[in-house]
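Reader: Hi! Could you walk me through this one?
Author: Happy to, have a look here.

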Amino acid sequence: MIGKRIKFERLYSRHAQGIFSLAWRLCCYNQHDAEDVTQETFVNALQAYSKYKDQQAEFAWLRTICINIVRGRWRRKQFQESLLDEGSKLENLQESADNPHKAAEVSEELRRVIRYLDLIRPEYREALIMKHLAGLTDDEIASIQVTEVSTVRSRVRRARHEIALLMNKEKNQ
């Protein structure tokens with residue numbers, strides 16, 4: 001039991017910062033949500049740790065757990081509601097920008113994009129978030145989504161296109 005605990009503590013110390021960084025990007029730079037996702041990732045990992053065997057792929061295993069947690073949050077909409085909360089990153093963008101007018105424009109555009117993410121197909125949304133917010137490569141996304149790299153590229157392209165159409169539609173109304 002003590003050996004398992006020490007091994008898990010080492011796993012945590014090696015990968016906690018990387019998982020937090022991934023969660024932070026997947027959560028649209030919301031620190032509170034990223035901390036929650038990181039904690040939930042390691043709780044889930046601890047529960048499954050006795051079944052885990054591949055020491056070489058620890059980060060990939062944790063990354064998959066983290067991404068699945070974020071997917072679940074998107075599906076439940078809890079995550080999206082917290083993104084639009086007054087205390088979220090969007091407010092911080094406004095406070096930190098040099099030009100208040102520009103900050104308001106950026107904040108409003110981010111709100112629209114976040115709203116539009118809910119309107120596109122889940123596999124497009126996931127690919128786009130993993131590519132642009134999490135900074136994952138197309139190969140990594142393909143592995144997570146269990147699909148071909150060309151499909152990932154297509155999903156990202158389609159996600160951008162659908163969001164652009166939604167933005168143009170709103171602009172023309």
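**A helix pair and its setting**

Author: The crossing of α7 and α8 is right-handed, that is, the near helix is turned clockwise from the far one by less than a right angle. This is a predicted model, where local features need pLDDT of at least 70, side-chain atom pairs count only at pLDDT 80 or more, and totals for chains, interfaces and linings use all residues. Residues are numbered from 1 along each chain as its sequence is written, and side-chain values use heavy atoms, leaving out hydrogens and water.

Reader: At what angle do α7 and α8 pack?
Author: About 140°, with the axes of α7 (residues 122-132) and α8 (residues 138-145) 10 Å apart. Axes are lines fitted to C-alpha atoms over the stretch in contact, and angles run from 0 to 180 degrees between N-to-C directions.

Reader: Nice. Which residues meet there?
Author: Glu123, Glu126, Ala127, Met130 and Lys131 of α7 meet Asp138, Ile141, Ile144 and Gln145 of α8, with contact meaning heavy atoms within 4.5 Å.

Reader: Switching topic, how many helices and strands are there?
Author: The protein has 9 helices and 0 strands, taken as DSSP runs (helices H or I, at least four residues; strands E, at least two) numbered from the N terminus.

Reader: And where is confidence lowest and highest?
Author: Helix α5 (residues 89-96) is lowest, at a mean pLDDT of 47, and helix α2 (residues 31-48) highest, at 91; pLDDT is the predictor's confidence in each residue, from 0 to 100. Over residues 86-91 the pLDDT is below 50, and this stretch has 14 contacts beyond near neighbours in sequence.

Reader: What about the mean for the protein?
Author: The mean is 79.
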